[in-house]
Amino acid sequence: MQELEKIIRGIEPVDHTAMEEAWKCWDSLCKPLRGLGWLEETLVQIAGICRTPHPHPDKRVVVIMGADNGVVKEGVTQTDSSVTIQVLENMGDRLSTACVMCRLAGCDLVPVNIGSLADGKHPGIRNKAVRHGTGNIAEGPAMTREECIRAILVGADTIRELKEEGYHLIVTGEMGIGNTTTSSACAAVIFDQEAEAVTGRGAGLSTAGLERKIQAIKKAIAVNRPDKEDAIDVISKVGGLDIAGMVGCYLGAAYYQMPILIDGFISAVSAYFAGMLCGTSKEYMIPTHCSAEPASRLVMERLGMKAPLQAGMHLGEGTGAIMGLSLIDQALNVYYHLTTWDGGHVEAYTHQV
């Protein structure tokens, strides 16, 4: 716990002077003031994170936290747990949906096995399993408190590695059969919601499957009695290793002063947990899209954030955040290449009261 506390204590606020300078740069460009909305706001945020009004987050990477969940035994998924490691293997071979999207986005992808039932064989997979799969939350805790903290630290340490490898910006993603069940259970607890209100069909459940999923979440909460004020207690009792790992990614990105993009529902729940552990870490998080999962909008509201993309996506793997990266690229494109008022021979707009 001391190592985690060191990271939390070491997270500093973003640089507001750099942000003010970035706003001045935006306002000098030949276009309606603040006309690009979220694009301008996000680039200013990135300036504050990077401590410069001229950020160049050119080398980007999607970090996939992959883990298996014992709650699959409750019949809450369409496939079995063997799919988790297979998709991580496919990511190693650059065959997954996110990998295809990364090619167009100019982004790398790193699959991390933080808790799959088996270690990955592909050399591109970073095997960092805290344990091989979690317990069935409908019967008992997913993991011990100590294992949860270790998984958070794995996420933070992965960010350290990636910064040392020269990356400037992190995109969150996950892969884990059963993880919409665990994230929905977490959301039900921390937001005081009924299971029915926060639980969706995930990767295509039938109506009967959805009912099994809801009942599994209710059993998990009744059996484990997680403390909604204690992020680590909730994750360790009804969450998963992928969620814990992503919490560590958010804290690590804030500690190492890197922008980090929130993907969909599971990533957003993890972001909320990181904010519970350290409120300042939210200054480094950038929302991208609101997924089709029922509680996705609720999580973004509780984070105090608005996602620019509403595309009905619910695939996971960081795919929504990769789409958000395309918006950031356009923001950078305009910021660095649009002419000034003088260059465009237009009288400068002024802020009106």
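Let's start with a pair of helices: the axes of H12 (residues 265-277) and H13 (residues 296-303) come within 9 Å of each other and cross at roughly 30 degrees. Keep in mind that this is a predicted model. Angles under 35 degrees count as roughly parallel, so H12 and H13 are roughly parallel to each other. As for the hand of the crossing, H12 passes H13 in a left-handed one.

Which residues make this contact between H12 and H13? On the H12 side you'll find Phe265, Ala268, Val269, Ala271 and Tyr272, and they meet Ser296, Val299, Met300, Arg302 and Leu303 in H13. Sorted by class, the contact comes out as 8 nonpolar residues, 1 polar and 1 charged.

Stay with H13 for a moment. Its buried residues are Ser296, Leu298, Val299, Met300 and Leu303. What do they pack against? H12 is one of the partners, and the others are helix H8 (195-198), strand S6 (285-287) and S5. Just past the end of H13 sits Gly304, with a positive phi of about 75 degrees.

Now for the nonpolar interior. In soluble globular proteins, nonpolar side chains tend to be buried together. Here the largest nonpolar core has 116 residues, and Leu251 and Phe273 are the ones with the most contacts inside it. The biggest giver to this core is helix H11 (residues 241-255), with 10 residues.

Once you leave aside its neighbours within four places in sequence, Leu251 is in contact with Leu4, Ile7, Ile11, Ile152, Ala274, Leu277, Cys278 and Ser281.

Gln257 is not a glycine, yet its phi is positive, near 55 degrees. You'll find Gln257 in the loop between H11 and strand S5 (260-262). Is Gln257 buried, partly exposed or exposed? Its relative accessible area is 28%, so Gln257 counts as partly exposed.

Arg225 is another residue other than glycine with a positive phi, this time near 45 degrees. The loop that holds Arg225 runs between helix H9 (207-224) and helix H10 (231-238). With a relative accessibility of 67%, Arg225 counts as exposed, because the cut-off for that label is over 50%.

Notes. Residues are numbered from 1 along each chain as its sequence is written. This is a predicted model: local features need pLDDT of at least 70, side-chain atom pairs count only at pLDDT 80 or more; totals for chains, interfaces and linings use all residues. Side-chain values use heavy atoms; hydrogens and water are left out. A nonpolar core is a set of buried Ala, Val, Leu, Ile, Met, Phe, Trp, Tyr and Cys residues joined through side-chain atoms within 4.5 Å. Buried means under 20% relative accessible area, exposed over 50%, partly exposed in between (1.4 Å probe, protein chains only). Helices (H or I, at least four residues) and strands (E, at least two) are DSSP runs, numbered from the N terminus. Contact means heavy atoms within 4.5 Å. Axes are lines fitted to C-alpha atoms, for helices over the stretch in contact, and angles run from 0 to 180 degrees between N-to-C directions. Angles under 35 degrees count as roughly parallel, over 145 as roughly antiparallel, 65 to 115 as roughly perpendicular and the rest as oblique. A crossing is left-handed if the near helix is turned anticlockwise from the far one by less than a right angle, and right-handed if clockwise. Ala, Val, Leu, Ile, Met, Phe, Trp, Tyr, Cys and Pro count as nonpolar, Asp, Glu, Lys and Arg as charged, and the others, Gly among them, as polar.
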